[in-house]
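Reader: Hi! Could you walk me through this one, starting with the ligands?
Author: Happy to, have a look here.

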Amino acid sequence: MPSVRRVSHDLLERQGLTTVFGNPGSNELPFLADLPDGFRYVLGLHEGAVVGMADGYAQASGRPVLVNLHAASGSGNAMGALTNAVASRTPLVVLAGQQVRPAIGPEANLASVDAQTLMKPLVGWAAEPACAEDVPRALAQAVFEARLQRRPTYLSVPYDDWSAEVDDNALAVLDRRVERASVPGGEQGRRLAERVASAERPALVLGGDIDSADLFDDVVRLAERLGGPVWAAPSLFRLPFPNRHPLFRGVLPAGIAPVSEAFEGHDLVLVLGAPVFRYHEYLPGRYLPEGTRLIQVTEDASAAARAPMGEALVADPGAVVDLLLTSLDAPGEPSGPYRPTPEPLTADGSALHPEQVFAALRDELPEDTAYVVESTSTNAAWWRQMDLRRQGSYYFPAAGGLGFGLPGAVGVAMAQPDRPVVGVIGDGSANYGITALWTAAQHRVPLTIVLLRNGTYGALRWFGGLLGVPDAPGLDIPGLDFTRIAEGYGVRARHVGGAEELRAVLAERPDHPRLIQVDTALTTP
Ligand SMILES: Cc1ncc(Cn2c(C)c(CCOP(=O)(O)OP(=O)(O)O)sc2=O)c(N)n1
Ligand SMILES: [Ca+2]
């Protein structure tokens with residue numbers, strides 16, 4: 001009879017989870033034994049980097065990804081990075097090792113006490129099978145839950161289960177096919193189409209799911225058909241619309257009152273592929289202006305259930321976009337030229353203004369470059385200078401948890417080896433996932449990291465002013481040299497002084513990872 005391990009490896013192979021991101025402990029070794037050909041194990045030196053890389057890889061490949069972590073200590077290290085994966089609705093399957101069952105209750109060393117509770121409420125589903133024979137089915141459930149709910153799942157498996165033998169019943173899970181299909185048909189579809197068609201001043205709000213679901217070009221057609229303004233939903237982690245398109249009004253401010261002000265004068269706000277809304281600063285006010293109706297379309301039932309206002313339709317946004325494009329008879333036409341980019345601001349002294357760095361990226365890198373950004377005081381500069389017009393062009397930590405950027409860039413580059421990938425990372429953020437540089441070097445990932453060094457936690461300086469704590473301690477991070485840190489992890493690095501030198505270096509196309517450090521002036525987010 002086959003072993004739990006053999007059946008589980010077979011299941012993972014059939015479900016396409018053959019790239020495993022991990023950091024092993026002794027509990028995990030029995031699962032890793034006899035990994036079949038075709039499996040690729042990508043080692044990260046810290047679990048935060050492991051999950052960040054897996055998150056980037058899963059987002060860029062559009063497929064669930066297996067993450068193999070050590071019991072409580074490894075799973076605990078992964079929590080911060082998991083907050084981003086939860087917010088970006090990334091389907092990660094986290095498989096953690098566990099002590100043998102008789103050793104869990106007495107809390108022997110490496111026992112993960114109450115393992116499936118440890119990761120809640122972060123993961124959408126967590127379990128520890130009651131017996132070895134149930135492991136293949138539980139693993140299949142973890143994969144299907146992650147894929148259906150688009151949320152990380154967690155499975156804790158005692159390490160002696162993998163060698164246990166299973167009967168033919170356990171093999172039944174190998175042929176399972178589990179899919180979701182939700183298209184608003186009949187009366188639901190007609191009513192929605194009429195509401196949108198009859199709106200006099202509609203506005204569109206687009207979420208990260210639009211980019212994740214590769215609807216980037218479809219929503220441009222829909223927006224040009226509707227003719228109204230388009231916003232990106234607050235707390236943007238993927239770009240859902242060309243940022244210089246004449247209809248694009250930018251990212252909605254993350255406060256209740258300013259969002260309501262933005263909707264003034266619109267009789268219908270159609271929200272596609274976003275929660276309503278992921279506010280940030282607490283700025284109380286009316287949720288919606290008088291006379292404005294909001295309809296949210298999302299396949300995330302929890303997001304639909306928890307929204308504080310408006311109507312919600314739990315459906316596939318892609319199917320709704322198709323429905324509206326078919327039913328709206330307004331011909332629609334391109335809405336004029338894309339907005340030109342302004343001259344980049346400059347800074348006093350030797351440091352560059354972030355806008356000069358971003359203008360160099362825009363001018364010197366190919367149009368299909370994918371950017372993974374984690375620099376929290378330069379968002380305004382970034383959107384003033386960048387001109388992104390392709391699906392999958394922009395990734396940002398979805399829950400604002402630092403430590404996604406650098407590992408995420410490695411993961412995106414591994415998933416899309418034929419696309420230029422650039423990480424734009426602050427000197428504060430870089431430290432939360434720095435060990436991913438080693439993995440990039442080991443796998444010779446073609447990747448450019450642009451390290452913005454302003455010597456401080458710039459965004460917190462700005463928040464300090466906002467919150468009346470201008471002289472908060474612990475905000476300066478002087479003396480970091482990421483060229484030497486990177487070289488220590490095996491990644492070639494250089495410091496560039498001026499804009500022209502930066503442009504010349506960016507124009508090179510190395511086939512290996514590199515880090516470019518540039519001193520930048522502090523700006524406000
Ligand atoms: C895991 C984690 N720790 C701490 C923070 C708090 N934090 C921190 C520490 C920021 C400063 C980031 O500094 P940076 O150098 O990366 O970028 P800027 O200088 O452009 O702000 S922004 C922010 O929210 C966080 N978001 N996530
Ligand atoms: Ca900084």
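Author: One term before we start: a polar contact here is a pair of N or O atoms within 3.5 Å. Also, this is a predicted model.
Reader: Good to know. How far is a backbone N or O atom of Thr-456 from an oxygen atom of ligand 1?
Author: That distance is 3.2 Å.
Reader: And what about Ala-459, what's the distance from its polar backbone atom?
Author: The polar backbone atom of Ala-459 is 2.7 Å from an oxygen atom of ligand 1. With Ser-375 a polar side-chain atom is involved, 3.4 Å from a ligand oxygen.
Reader: How much of ligand 1 does the protein cover?
Author: On its own, ligand 1 has 600 Å² of accessible area, and the protein covers 78% of that.
Reader: Which residues come nearest to ligand 1?
Author: There are 17 residues around ligand 1, and Thr-376, Ser-377, Gly-428, Ser-429 and Ala-459 come nearest. By type, the shell has eleven polar residues, five nonpolar and one charged.
Reader: Which helix gives the most to that shell?
Author: Helix α19, residues 458–466, with three residues. As for the space taken by ligand 1, that is the largest pocket.
Reader: Switching to the metal: what coordinates the calcium ion?
Author: Ligand 2, the calcium ion, is coordinated by Asp-427 through OD, Asn-454 through OD1 and Thr-456 through O, at 2.2 to 2.4 Å. Along the chain, the donors follow the spacing D-x26-N-x1-T.
Reader: Where do Asp-427 and Thr-456 sit?
Author: Asp-427 is in the loop between β15 (421–426) and α18 (436–442), while Thr-456 is in the loop between β16 (448–453) and α19. The two are 29 residues apart, and the pair links distant parts of the chain.
Reader: Last topic, backbone geometry. Is the peptide bond from Lys-120 to Pro-121 cis or trans?
Author: The bond is cis, with omega near 0°. Pro-121 lies in the loop between α7 (115–118) and β5 (125–127).
Reader: And what is phi of Leu-110 near?
Author: Phi of Leu-110 is near 70°, a positive value in a residue other than glycine. Leu-110 is in the loop between α6 (101–104) and α7.

Conventions
Residues are numbered from 1 along each chain as its sequence is written. Chains are lettered from A and ligands numbered from 1 in the order in which they are written. This is a predicted model: local features need pLDDT of at least 70, side-chain atom pairs count only at pLDDT 80 or more; totals for chains, interfaces and linings use all residues. Side-chain values use heavy atoms; hydrogens and water are left out. A residue is near a molecule or strand if one of its heavy atoms lies within 4 Å of it. A polar contact is a pair of N or O atoms within 3.5 Å; within protein, one must be able to donate a hydrogen and the other to accept it, and residues adjacent in sequence count only if both atoms are side-chain atoms. Accessible areas come from the Shrake-Rupley method with a 1.4 Å probe; for residues, only the protein chains shown count as cover. On a 1 Å grid over the protein atoms alone, a cavity is a set of points where a 1.4 Å probe fits but cannot get out, and a pocket is an open set with protein on both sides within 12 Å along at least five of seven lines; lining residues have an atom within 4 Å of a point. A molecule sits in a cavity or pocket if more than half of its atoms lie within 2 Å of its grid points. Helices (H or I, at least four residues) and strands (E, at least two) are DSSP runs, numbered from the N terminus. Ala, Val, Leu, Ile, Met, Phe, Trp, Tyr, Cys and Pro count as nonpolar, Asp, Glu, Lys and Arg as charged, and the others, Gly among them, as polar. Donors are N, O and S atoms within 2.8 Å of the metal (3.2 Å for Na, K and Ca); water is not among the atoms, so sites may look incomplete.
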